[in-house]
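Dear colleague,

I am passing on the structure we spoke of, with notes on what turned up when I went through it. Please read them with the model open beside you.

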Amino acid sequence: MSIRCVLPILLLLLSAPHIKAQIPFTVMTYNIENAFDTYHDEGKDDLDFCEGGSKKWSKSRLFKKLHGVCKTIVAADEERPIDLIALCEVENDTVMEYLTHRTPLNRLGYQYIMTHSDDARGIDIALLYSFFTFHPIETQHIHIAAHTPRHPIRDILHVAGTIANGDTLDVYVLHLPSKLGGAVARKGGLTAARMLKENVDSIHAIRLHPNIIIMGDFNAETKSSQIKMLTSDGILKDHAAPLHPGTYKYKGDWSTIDHILTHTTTLLPQYANILTLPFLIEPDETYGGYKPHRTYLGPIYKGGISDHLPIMMRFEIQQK
């Protein structure tokens, strides 16, 4: 190319406004259905999932599930690893150590933070994160005061960390009581939502550029009292609201009970999807269509990963 051709191109580049590359950031929430190890925890109702228990749970079945979770995380985004993954129904550190060190996830350098709640079965929640893109600076376990000793509520996990542009991101992971618990569970869910909202409001008041993500299994749909309590003032937005058909299917009816709520300033939402990867679903021979390929249906081992489908959400980090 001649000098005469090159000079106009150089002048154009030098005179163009400085364009900063967008930095992607992705999160996912996934209830992985009874991810128990095979050992009994004293005082916990986990005997069904111990070796020799009624579920005939075993190390091989556990690792099949964990490899499926790994496969889901890797396949969720073809461009790059997911930055943050909220996991519900994880029993303990043993399970998380297996997932992060004894599946192919160990090649991606994921680390985790989890709760240790008073749940009767010993079920907890965890935040899996890429240390390359999220750096935790503070962790808080929000304990929900039990309204009845027989129905303890799982703690809410709050992790504050920095992202690529130097801003702080406050992440909340939760698993609210099941709707099957009736009025007691609904009351517990409202109590947890109220305490969460108070915590979020306090963060919003002290952060110069608040970036807040709440994700997990709410056991409640978009129009529920819990979600309305969190989103009524317009600060938090529910990105699961327009997604179809849902994350959970019961007797042929889909519902979205897993959610991602956000309030962001420099972490700009792009899109959210419910993942229906082929290995996550199976034909629904009773009601038609498809359904999540779950691990158990009652006492029957089905060999799938979970009775929930995960939600993935993509953001772009606004550089300063």
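Cys70 has a relative accessible area of 4% and therefore counts as buried, the limit for that class being under 20%. In this predicted model, Cys70 takes part in no disulfide, and the nearest cysteine sulfur, which belongs to Cys88, is 19 Å away. Cys88 is likewise in no disulfide, its nearest cysteine sulfur being that of Cys70 at 19 Å, and Cys88 is buried at 0% relative accessibility. The structure as a whole holds 0 disulfides; for this pair the reason is plain, because a disulfide calls for sulfur atoms within 2.5 Å.

The next topic is the largest pocket, which has a volume of about 1,400 Å³. Its lining is made up of 45 residues, and those that lie nearest the centre are Glu89, Ser178, Leu180, Asn219 and Tyr248. Two or more lining residues come from each of strand E1 (23-35), helix H4 (182-206), strand E10 (248-250), strand E15 (290-292) and strand E16 (296-297). Sorted by class, the lining has 16 charged, 15 nonpolar and 14 polar residues, which may be of use when you set up your own calculations.

With a relative accessible area of 12%, Glu89 is buried.

A positive phi is also found at Lys56, again not a glycine, where the value is about 55°. Lys56 sits in the loop between E1 and helix H2 (59-76), and its relative accessibility of 63% makes it exposed. As background to both cases, most residues other than glycine have a negative phi, and most peptide bonds are trans.

Setting aside residues up to four places away in sequence, Lys55 touches Asp48, Phe49, Arg61, Tyr296, Gly298 and Pro299. Of these, Tyr296 is 241 residues from Lys55 in sequence, yet the two are 8.5 Å apart in space from C-alpha to C-alpha. A polar atom of the Lys55 side chain lies 2.7 Å from the backbone oxygen of Gly298.

Lastly, His308 is located in the loop between strand E17 (300-301) and strand E18 (311-317), and it is buried, with a relative accessible area of 4%. The His308 side chain makes a polar contact of 2.9 Å with the side chain of Asp258. When neighbours within four places in sequence are left aside, the residues in contact with His308 are Tyr30, Asn31, Asp217, Thr247, Tyr248, Ile257, Asp258 and Pro292.

With best wishes

Conventions
Residues numbered from 1 in each chain as written. Predicted model: local features only at pLDDT ≥ 70, side-chain atom pairs only at ≥ 80, totals over all residues. Heavy atoms only, no water. 1 Å grid on protein atoms, 1.4 Å probe; cavity = no way out; pocket = protein on both sides within 12 Å on 5 of 7 lines; lining within 4 Å. Points joined across faces, edges and corners; volume = space filled by probe spheres on them. Helix = DSSP H or I, 4+ residues; strand = E, 2+ residues; numbered from the N terminus. Nonpolar A, V, L, I, M, F, W, Y, C, P; charged D, E, K, R; others polar. Buried < 20%, exposed > 50% of the residue type's maximum accessible area, 1.4 Å probe, protein only. Contact = heavy atoms within 4.5 Å. Polar contact = N/O pair within 3.5 Å; in protein donor to acceptor, adjacent residues only side chain to side chain.
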